[in-house]
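Subject: A structure for you to look at

Hi,

Here is the structure I promised to pass on. Have a look at it first, and then read my notes below.

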Amino acid sequence: MAKNRSPLLIIFITVFIDLIGFGIVIPVLPLYAQKFGASETTVGLLLAVYSMMQFIFAPILGKISDRVGRRPVLLVSLIGTSIGFLIMGLAGTLWLLFVARIIDGITGANISTAQAYIADVTPPEDRAKSMGLIGAAFGLGFIFGPFIGGVLSKVSLGAPFYFAALLAAANAIALYFLLPESLSAENRHLAAGRASIQQVFKESGNWQLGAVFATYFFATVAFAMLTATFSLFTSKKFNLDEAHNGYIFASQGVIGVIIQGGLLGRLVKLFGEKTLTIVGTALLALGMFTMPVSDSLKSVLMACAAIAIGNSFVTPVLNGLASKYVNAAWQGRVLGALQSAASLARIIGPALGGWLLMSDASRQVARYGITPFWVSGAIMIIAFILALTLRSNVTTVAEVPARQEG
(Lines give C-alpha, C1' and ligand atoms only; values in the text may rest on other atoms or scores of the structure.)
Protein backbone atom coordinates (compact mmCIF):
# COMPACT_ATOMS: atom_id res chain seq x y z
CA MET A 1 0.00 0.00 0.00
CA ALA A 2 1.26 3.45 -0.80
CA LYS A 3 2.56 5.22 2.23
CA ASN A 4 0.63 8.40 1.47
CA ARG A 5 -2.71 6.59 1.49
CA SER A 6 -4.39 7.06 4.84
CA PRO A 7 -5.95 3.91 6.36
CA LEU A 8 -8.48 6.21 8.05
CA LEU A 9 -9.70 7.34 4.63
CA ILE A 10 -10.09 3.72 3.53
CA ILE A 11 -12.00 2.86 6.72
CA PHE A 12 -14.22 5.91 6.18
CA ILE A 13 -15.02 4.82 2.61
CA THR A 14 -15.62 1.25 3.80
CA VAL A 15 -18.12 2.32 6.47
CA PHE A 16 -19.72 4.88 4.15
CA ILE A 17 -20.41 2.30 1.44
CA ASP A 18 -21.62 -0.12 4.12
CA LEU A 19 -24.06 2.51 5.42
CA ILE A 20 -25.29 3.38 1.94
CA GLY A 21 -26.34 -0.25 1.67
CA PHE A 22 -28.08 0.00 5.04
CA GLY A 23 -29.80 3.24 4.05
CA ILE A 24 -31.00 1.79 0.75
CA VAL A 25 -33.14 -0.68 2.71
CA ILE A 26 -35.06 1.94 4.72
CA PRO A 27 -37.64 3.13 2.14
CA VAL A 28 -37.87 -0.16 0.24
CA LEU A 29 -37.92 -3.13 2.63
CA PRO A 30 -41.40 -2.60 4.18
CA LEU A 31 -43.06 -2.49 0.73
CA TYR A 32 -40.88 -5.35 -0.51
CA ALA A 33 -41.90 -7.51 2.47
CA GLN A 34 -45.60 -6.78 1.89
CA LYS A 35 -45.14 -8.20 -1.61
CA PHE A 36 -44.72 -11.56 0.14
CA GLY A 37 -47.77 -11.09 2.35
CA ALA A 38 -46.05 -9.63 5.44
CA SER A 39 -48.29 -7.86 7.95
CA GLU A 40 -47.28 -4.67 9.77
CA THR A 41 -46.21 -6.77 12.75
CA THR A 42 -44.10 -9.03 10.53
CA VAL A 43 -42.46 -6.00 8.91
CA GLY A 44 -41.59 -4.76 12.40
CA LEU A 45 -40.03 -8.14 13.24
CA LEU A 46 -38.11 -8.05 9.96
CA LEU A 47 -36.63 -4.69 10.94
CA ALA A 48 -36.01 -5.73 14.56
CA VAL A 49 -34.15 -8.95 13.71
CA TYR A 50 -31.32 -6.88 12.21
CA SER A 51 -30.69 -5.06 15.50
CA MET A 52 -31.07 -8.31 17.44
CA MET A 53 -28.29 -9.93 15.39
CA GLN A 54 -26.08 -6.89 15.92
CA PHE A 55 -26.75 -7.07 19.66
CA ILE A 56 -25.54 -10.68 19.71
CA PHE A 57 -22.67 -10.53 17.23
CA ALA A 58 -21.04 -7.07 17.68
CA PRO A 59 -19.03 -8.21 20.76
CA ILE A 60 -18.29 -11.58 19.11
CA LEU A 61 -16.84 -9.98 15.96
CA GLY A 62 -14.97 -7.48 18.11
CA LYS A 63 -13.42 -10.26 20.19
CA ILE A 64 -12.49 -12.25 17.09
CA SER A 65 -10.84 -9.15 15.62
CA ASP A 66 -8.71 -8.84 18.79
CA ARG A 67 -7.40 -12.36 18.15
CA VAL A 68 -7.03 -12.62 14.37
CA GLY A 69 -6.80 -8.93 13.39
CA ARG A 70 -9.19 -6.31 12.07
CA ARG A 71 -8.62 -6.82 8.35
CA PRO A 72 -9.89 -10.43 8.02
CA VAL A 73 -13.01 -9.69 10.09
CA LEU A 74 -13.85 -6.62 8.00
CA LEU A 75 -13.22 -8.53 4.77
CA VAL A 76 -15.36 -11.56 5.67
CA SER A 77 -18.16 -9.35 7.01
CA LEU A 78 -18.33 -7.34 3.77
CA ILE A 79 -18.54 -10.55 1.75
CA GLY A 80 -21.35 -11.71 4.06
CA THR A 81 -23.16 -8.39 3.62
CA SER A 82 -22.98 -8.79 -0.16
CA ILE A 83 -24.43 -12.32 0.10
CA GLY A 84 -27.20 -11.10 2.42
CA PHE A 85 -28.29 -8.36 0.00
CA LEU A 86 -28.12 -10.77 -2.95
CA ILE A 87 -30.42 -13.22 -1.14
CA MET A 88 -32.75 -10.31 -0.35
CA GLY A 89 -32.98 -9.37 -4.01
CA LEU A 90 -33.53 -12.98 -5.10
CA ALA A 91 -35.94 -13.84 -2.28
CA GLY A 92 -39.11 -15.49 -3.45
CA THR A 93 -40.52 -16.12 0.00
CA LEU A 94 -40.82 -14.27 3.30
CA TRP A 95 -38.60 -16.70 5.19
CA LEU A 96 -35.74 -16.02 2.76
CA LEU A 97 -36.11 -12.31 3.55
CA PHE A 98 -35.64 -13.15 7.23
CA VAL A 99 -32.56 -15.25 6.37
CA ALA A 100 -31.12 -12.32 4.41
CA ARG A 101 -31.79 -9.85 7.25
CA ILE A 102 -30.18 -12.20 9.77
CA ILE A 103 -27.06 -12.51 7.62
CA ASP A 104 -26.97 -8.74 7.08
CA GLY A 105 -27.40 -8.11 10.81
CA ILE A 106 -24.55 -10.48 11.73
CA THR A 107 -22.14 -9.04 9.18
CA GLY A 108 -23.34 -5.48 9.80
CA ALA A 109 -21.99 -5.82 13.34
CA ASN A 110 -18.56 -4.97 11.87
CA ILE A 111 -18.86 -1.29 12.89
CA SER A 112 -17.15 -2.07 16.20
CA THR A 113 -14.26 -3.67 14.28
CA ALA A 114 -13.92 -0.53 12.14
CA GLN A 115 -13.88 1.54 15.34
CA ALA A 116 -11.22 -0.75 16.80
CA TYR A 117 -9.14 -0.24 13.64
CA ILE A 118 -9.39 3.52 14.12
CA ALA A 119 -8.33 3.14 17.77
CA ASP A 120 -5.33 1.04 16.66
CA VAL A 121 -3.95 3.68 14.29
CA THR A 122 -4.93 6.88 16.13
CA PRO A 123 -3.14 8.49 19.10
CA PRO A 124 -5.34 8.88 22.20
CA GLU A 125 -5.61 12.66 21.95
CA ASP A 126 -7.13 12.35 18.44
CA ARG A 127 -9.33 9.35 19.20
CA ALA A 128 -12.68 11.18 19.48
CA LYS A 129 -11.98 13.17 16.30
CA SER A 130 -11.19 9.98 14.38
CA MET A 131 -14.25 8.21 15.78
CA GLY A 132 -16.21 11.11 14.32
CA LEU A 133 -15.36 9.70 10.89
CA ILE A 134 -17.71 6.81 11.64
CA GLY A 135 -20.46 9.28 12.54
CA ALA A 136 -19.81 11.27 9.37
CA ALA A 137 -20.03 8.07 7.33
CA PHE A 138 -23.34 7.30 9.06
CA GLY A 139 -24.65 10.76 8.20
CA LEU A 140 -23.65 10.53 4.54
CA GLY A 141 -24.99 6.98 4.30
CA PHE A 142 -28.37 8.10 5.59
CA ILE A 143 -28.41 11.00 3.13
CA PHE A 144 -27.53 9.03 -0.01
CA GLY A 145 -28.79 5.54 0.87
CA PRO A 146 -32.54 6.22 1.08
CA PHE A 147 -32.34 8.45 -2.01
CA ILE A 148 -30.63 5.71 -4.05
CA GLY A 149 -33.09 3.13 -2.74
CA GLY A 150 -36.05 5.27 -3.73
CA VAL A 151 -34.71 5.90 -7.24
CA LEU A 152 -33.76 2.26 -7.92
CA SER A 153 -37.09 0.99 -6.58
CA LYS A 154 -38.67 2.55 -9.69
CA VAL A 155 -36.74 -0.03 -11.73
CA SER A 156 -37.93 -2.89 -9.51
CA LEU A 157 -38.29 -3.55 -5.79
CA GLY A 158 -35.35 -5.97 -5.98
CA ALA A 159 -33.01 -3.56 -7.83
CA PRO A 160 -31.88 -1.61 -4.70
CA PHE A 161 -30.77 -4.86 -3.05
CA TYR A 162 -28.79 -6.00 -6.11
CA PHE A 163 -27.07 -2.61 -6.16
CA ALA A 164 -26.27 -2.86 -2.43
CA ALA A 165 -24.85 -6.36 -2.98
CA LEU A 166 -22.64 -5.04 -5.78
CA LEU A 167 -21.45 -2.14 -3.59
CA ALA A 168 -20.53 -4.47 -0.72
CA ALA A 169 -18.65 -6.82 -3.08
CA ALA A 170 -16.70 -3.91 -4.57
CA ASN A 171 -16.01 -2.68 -1.04
CA ALA A 172 -14.57 -6.08 -0.09
CA ILE A 173 -12.30 -6.13 -3.15
CA ALA A 174 -11.01 -2.61 -2.44
CA LEU A 175 -10.41 -3.45 1.23
CA TYR A 176 -8.47 -6.60 0.29
CA PHE A 177 -6.02 -4.67 -1.88
CA LEU A 178 -5.80 -1.36 0.00
CA LEU A 179 -6.19 -1.89 3.76
CA PRO A 180 -3.23 -3.11 5.85
CA GLU A 181 -3.65 -4.87 9.20
CA SER A 182 -3.65 -2.45 12.13
CA LEU A 183 -3.33 -4.77 15.14
CA SER A 184 0.20 -5.92 15.97
CA ALA A 185 1.03 -9.61 16.38
CA GLU A 186 1.98 -8.86 20.00
CA ASN A 187 -1.48 -7.51 20.81
CA ARG A 188 -3.17 -10.38 18.97
CA HIS A 189 -1.17 -12.77 21.14
CA LEU A 190 -2.18 -10.88 24.29
CA ALA A 191 -5.84 -10.98 23.23
CA ALA A 192 -5.61 -14.76 22.89
CA GLY A 193 -5.45 -14.89 26.69
CA ARG A 194 -9.28 -14.96 26.65
CA ALA A 195 -9.85 -12.12 29.09
CA SER A 196 -13.57 -11.82 29.76
CA ILE A 197 -15.40 -8.55 29.38
CA GLN A 198 -15.69 -8.47 33.18
CA GLN A 199 -11.89 -8.67 33.46
CA VAL A 200 -11.53 -5.91 30.88
CA PHE A 201 -13.86 -3.69 32.95
CA LYS A 202 -11.82 -4.45 36.07
CA GLU A 203 -8.54 -3.57 34.35
CA SER A 204 -10.02 -0.30 33.11
CA GLY A 205 -11.05 0.85 36.57
CA ASN A 206 -14.63 -0.45 36.48
CA TRP A 207 -16.70 2.70 37.09
CA GLN A 208 -15.32 4.94 34.36
CA LEU A 209 -15.85 2.44 31.57
CA GLY A 210 -19.17 1.49 33.12
CA ALA A 211 -20.25 5.13 33.12
CA VAL A 212 -19.38 5.39 29.42
CA PHE A 213 -21.45 2.29 28.67
CA ALA A 214 -24.42 3.50 30.73
CA THR A 215 -24.36 6.99 29.21
CA TYR A 216 -24.15 5.55 25.70
CA PHE A 217 -26.96 3.08 26.35
CA PHE A 218 -29.40 5.63 27.78
CA ALA A 219 -28.61 8.19 25.07
CA THR A 220 -29.21 5.57 22.36
CA VAL A 221 -32.51 4.43 23.92
CA ALA A 222 -33.76 8.03 24.00
CA PHE A 223 -32.58 8.80 20.45
CA ALA A 224 -34.12 5.57 19.09
CA MET A 225 -37.45 6.40 20.78
CA LEU A 226 -37.45 9.77 19.06
CA THR A 227 -36.51 8.53 15.57
CA ALA A 228 -39.15 5.77 15.74
CA THR A 229 -41.99 8.17 16.61
CA PHE A 230 -40.92 11.41 14.91
CA SER A 231 -42.60 10.84 11.52
CA LEU A 232 -45.91 9.88 13.14
CA PHE A 233 -45.73 12.96 15.37
CA THR A 234 -45.00 15.43 12.55
CA SER A 235 -47.58 13.80 10.28
CA LYS A 236 -50.36 14.18 12.83
CA LYS A 237 -49.41 17.59 14.23
CA PHE A 238 -48.07 19.37 11.12
CA ASN A 239 -49.39 17.18 8.24
CA LEU A 240 -45.89 16.44 6.95
CA ASP A 241 -45.63 13.64 4.39
CA GLU A 242 -42.87 11.06 3.82
CA ALA A 243 -40.89 13.40 1.56
CA HIS A 244 -40.83 16.30 4.04
CA ASN A 245 -39.86 13.99 6.91
CA GLY A 246 -37.13 12.63 4.64
CA TYR A 247 -35.80 16.17 4.14
CA ILE A 248 -35.69 16.67 7.91
CA PHE A 249 -33.81 13.40 8.46
CA ALA A 250 -31.40 14.34 5.66
CA SER A 251 -30.74 17.70 7.35
CA GLN A 252 -29.85 15.83 10.55
CA GLY A 253 -27.37 13.82 8.52
CA VAL A 254 -25.84 17.02 7.11
CA ILE A 255 -25.38 18.45 10.63
CA GLY A 256 -23.76 15.18 11.71
CA VAL A 257 -21.35 15.22 8.78
CA ILE A 258 -20.32 18.85 9.42
CA ILE A 259 -19.68 18.32 13.13
CA GLN A 260 -18.28 14.80 13.19
CA GLY A 261 -16.41 15.05 9.92
CA GLY A 262 -14.90 18.50 10.39
CA LEU A 263 -15.39 20.33 13.69
CA LEU A 264 -15.18 17.63 16.36
CA GLY A 265 -11.39 17.38 16.57
CA ARG A 266 -11.00 21.10 17.26
CA LEU A 267 -13.87 21.08 19.76
CA VAL A 268 -12.32 18.20 21.71
CA LYS A 269 -9.00 20.05 21.91
CA LEU A 270 -10.73 23.23 23.07
CA PHE A 271 -13.18 21.79 25.59
CA GLY A 272 -12.31 18.13 26.24
CA GLU A 273 -14.37 14.94 26.00
CA LYS A 274 -16.22 15.37 29.29
CA THR A 275 -17.50 18.86 28.48
CA LEU A 276 -18.68 17.82 25.03
CA THR A 277 -20.49 14.80 26.47
CA ILE A 278 -22.22 16.98 29.09
CA VAL A 279 -23.22 19.60 26.51
CA GLY A 280 -24.35 16.87 24.08
CA THR A 281 -26.60 15.10 26.60
CA ALA A 282 -28.03 18.47 27.71
CA LEU A 283 -28.86 19.43 24.10
CA LEU A 284 -30.50 16.06 23.49
CA ALA A 285 -32.63 16.47 26.63
CA LEU A 286 -33.55 20.04 25.66
CA GLY A 287 -34.60 19.05 22.16
CA MET A 288 -36.71 16.14 23.38
CA PHE A 289 -38.50 18.18 26.03
CA THR A 290 -39.30 21.06 23.66
CA MET A 291 -40.24 18.99 20.59
CA PRO A 292 -43.83 17.97 21.54
CA VAL A 293 -44.82 21.43 22.84
CA SER A 294 -43.58 23.23 19.73
CA ASP A 295 -46.31 25.36 18.14
CA SER A 296 -44.65 25.83 14.77
CA LEU A 297 -42.58 23.86 12.32
CA LYS A 298 -39.74 26.35 12.85
CA SER A 299 -39.52 25.48 16.54
CA VAL A 300 -39.61 21.76 15.68
CA LEU A 301 -36.68 22.27 13.33
CA MET A 302 -34.77 24.11 16.08
CA ALA A 303 -35.41 21.18 18.45
CA CYS A 304 -34.22 18.80 15.72
CA ALA A 305 -31.03 20.84 15.29
CA ALA A 306 -30.33 20.68 19.03
CA ILE A 307 -30.83 16.90 18.96
CA ALA A 308 -28.59 16.46 15.89
CA ILE A 309 -25.79 18.57 17.43
CA GLY A 310 -26.08 16.77 20.77
CA ASN A 311 -25.97 13.34 19.17
CA SER A 312 -22.98 14.38 17.05
CA PHE A 313 -21.11 15.21 20.26
CA VAL A 314 -22.13 12.24 22.38
CA THR A 315 -21.70 9.24 20.06
CA PRO A 316 -18.11 9.65 18.76
CA VAL A 317 -16.78 11.09 22.04
CA LEU A 318 -18.06 8.15 24.09
CA ASN A 319 -16.66 5.68 21.57
CA GLY A 320 -13.32 7.46 21.81
CA LEU A 321 -13.39 7.41 25.62
CA ALA A 322 -14.23 3.70 25.71
CA SER A 323 -11.23 2.93 23.52
CA LYS A 324 -8.94 5.02 25.76
CA TYR A 325 -9.92 3.17 28.94
CA VAL A 326 -8.64 -0.24 27.79
CA ASN A 327 -5.48 -1.90 26.53
CA ALA A 328 -4.94 -1.97 22.75
CA ALA A 329 -5.41 -5.76 22.75
CA TRP A 330 -8.99 -5.39 24.01
CA GLN A 331 -10.27 -2.60 21.77
CA GLY A 332 -12.36 -4.89 19.60
CA ARG A 333 -14.24 -6.65 22.37
CA VAL A 334 -14.92 -3.44 24.33
CA LEU A 335 -16.12 -1.47 21.32
CA GLY A 336 -18.08 -4.53 20.22
CA ALA A 337 -19.76 -4.70 23.63
CA LEU A 338 -20.52 -0.97 23.37
CA GLN A 339 -22.17 -1.48 19.97
CA SER A 340 -24.05 -4.45 21.37
CA ALA A 341 -25.42 -2.21 24.13
CA ALA A 342 -26.44 0.30 21.45
CA SER A 343 -28.19 -2.43 19.44
CA LEU A 344 -30.12 -3.49 22.55
CA ALA A 345 -31.07 0.16 23.05
CA ARG A 346 -32.33 0.33 19.45
CA ILE A 347 -34.57 -2.64 20.16
CA ILE A 348 -35.94 -1.20 23.41
CA GLY A 349 -36.28 2.42 22.22
CA PRO A 350 -38.67 1.97 19.26
CA ALA A 351 -40.80 -0.57 21.12
CA LEU A 352 -41.10 1.69 24.17
CA GLY A 353 -41.64 4.80 22.05
CA GLY A 354 -44.38 3.18 19.99
CA TRP A 355 -46.21 1.96 23.09
CA LEU A 356 -46.02 5.39 24.74
CA LEU A 357 -47.16 7.13 21.55
CA MET A 358 -50.13 4.78 21.34
CA SER A 359 -51.12 5.92 24.82
CA ASP A 360 -51.27 9.49 23.46
CA ALA A 361 -53.39 8.52 20.45
CA SER A 362 -56.72 8.81 22.26
CA ARG A 363 -55.87 12.24 23.70
CA GLN A 364 -56.06 15.68 22.07
CA VAL A 365 -53.78 16.27 19.10
CA ALA A 366 -52.00 19.01 21.05
CA ARG A 367 -50.80 16.37 23.51
CA TYR A 368 -49.84 13.80 20.89
CA GLY A 369 -46.16 12.89 21.29
CA ILE A 370 -45.66 14.38 24.75
CA THR A 371 -45.34 11.05 26.56
CA PRO A 372 -42.60 9.39 24.43
CA PHE A 373 -40.63 12.62 23.93
CA TRP A 374 -40.72 13.62 27.58
CA VAL A 375 -39.78 10.11 28.68
CA SER A 376 -36.86 10.38 26.22
CA GLY A 377 -35.94 13.70 27.82
CA ALA A 378 -36.05 12.14 31.30
CA ILE A 379 -33.78 9.32 30.11
CA MET A 380 -31.36 11.95 28.75
CA ILE A 381 -31.27 13.61 32.17
CA ILE A 382 -30.00 10.28 33.54
CA ALA A 383 -27.36 10.25 30.78
CA PHE A 384 -26.47 13.87 31.66
CA ILE A 385 -25.92 12.95 35.33
CA LEU A 386 -23.74 10.01 34.32
CA ALA A 387 -21.73 12.29 32.02
CA LEU A 388 -20.91 14.49 35.00
CA THR A 389 -19.05 11.55 36.57
CA LEU A 390 -16.65 11.07 33.66
CA ARG A 391 -13.00 12.04 34.06
CA SER A 392 -11.80 15.00 32.03
CA ASN A 393 -8.29 13.70 31.39
CA VAL A 394 -7.86 10.02 30.63
CA THR A 395 -4.57 8.11 30.61
CA THR A 396 -5.10 5.19 28.30
CA VAL A 397 -4.41 1.71 29.57
CA ALA A 398 -2.70 1.05 26.26
CA GLU A 399 -0.07 3.68 27.08
CA VAL A 400 0.96 2.21 30.42
CA PRO A 401 3.10 -0.72 29.22
CA ALA A 402 4.99 1.56 26.86
CA ARG A 403 5.86 3.95 29.67
CA GLN A 404 6.91 1.08 31.93
CA GLU A 405 9.25 -0.25 29.27
CA GLY A 406 10.74 3.20 28.90
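A nonpolar core is a set of buried Ala, Val, Leu, Ile, Met, Phe, Trp, Tyr and Cys residues joined through side-chain atoms within 4.5 Å. Please keep in mind that this is a predicted model.

**The core**

The largest nonpolar core here has 95 residues. Helix α1, which covers residues 7-34, gives the most to this core, with 15 residues. Tyr-32, Leu-97 and Met-291 are the residues with the most contacts inside the core.

Which residues does Leu-97 touch, leaving aside its neighbours within four places in sequence? The list is Leu-29, Tyr-32, Ala-33, Phe-36, Leu-46, Met-88 and Ala-91.

**The aromatic pairs**

Searching the whole structure turns up eight aromatic pairs. One of them joins Phe-16 and Phe-144: the ring centres are 6.2 Å apart and the planes meet at 80°, so this pair is edge-to-face. Phe-16 belongs to helix α1 and Phe-144 to helix α6 (residues 127-152), so the pair ties together parts that are 128 residues apart in sequence. Phe-144 has a relative accessible area of 40%, which means that Phe-144 is partly exposed.

Another pair brings us back to Tyr-32, whose partner is Phe-161. This pair is tilted, with 4.9 Å from centre to centre and 50° between the planes. Since Tyr-32 sits in helix α1 and Phe-161 in helix α7 (residues 159-178), the pair ties together parts that are 129 residues apart in sequence. Is Phe-161 buried or exposed? Its relative accessibility is 0%, so Phe-161 counts as buried.

Phe-16 and Phe-144 also turn up in a cluster, where ring pairs link them with Phe-12.

**The salt bridges**

Side chains of opposite charge can pair when their charged atoms come close. How many salt bridges are there in this model? The count comes to three.

Arg-70 takes part in a salt bridge with Asp-66, at 2.7 Å from N to O, and in one with Asp-120, also at 2.7 Å from N to O. Arg-70 lies in helix α3 (residues 70-90) and Asp-120 in helix α5 (residues 111-121), so their pair ties together parts that are 50 residues apart in sequence. Asp-66 and Arg-70 are both buried, whereas Asp-120 is partly exposed, with a relative accessible area of 21%.

Arg-101 and Asp-104 form a salt bridge too, and their closest N and O atoms are 3.9 Å apart. Both residues lie in helix α4 (residues 94-107), three residues apart, which is about one turn of the helix. Arg-101 and Asp-104 are both buried. As for Asp-66, Arg-70 and Asp-120, salt bridges that share partners join them into one network.

**On the surface**

Finally, take a look at the outside. Met-52, Ile-56, Ile-60, Ile-64 and Val-68 form a nonpolar patch there, and together they have about 370 Å² of accessible area. Val-68 is part of helix α2, which runs over residues 40-68. With 44% relative accessibility, Val-68 counts as partly exposed.

Best wishes

Notes:
Residues numbered from 1 in each chain as written. Predicted model: local features only at pLDDT ≥ 70, side-chain atom pairs only at ≥ 80, totals over all residues. Heavy atoms only, no water. Patch = residues over 30% accessible without salt bridge, like charges linked within 9 Å, V, L, I, M, F, W, Y side chains within 5 Å. Areas by Shrake-Rupley, 256 points an atom, 1.4 Å probe, with all protein chains shown as cover. Salt bridge = Lys/Arg side-chain N within 4 Å of Asp/Glu carboxyl O. Helix = DSSP H or I, 4+ residues; strand = E, 2+ residues; numbered from the N terminus. Buried < 20%, exposed > 50% of the residue type's maximum accessible area, 1.4 Å probe, protein only. Contact = heavy atoms within 4.5 Å. Phe/Tyr/Trp six-rings, centres within 6.5 Å; stacked < 30°, edge-to-face > 60°.
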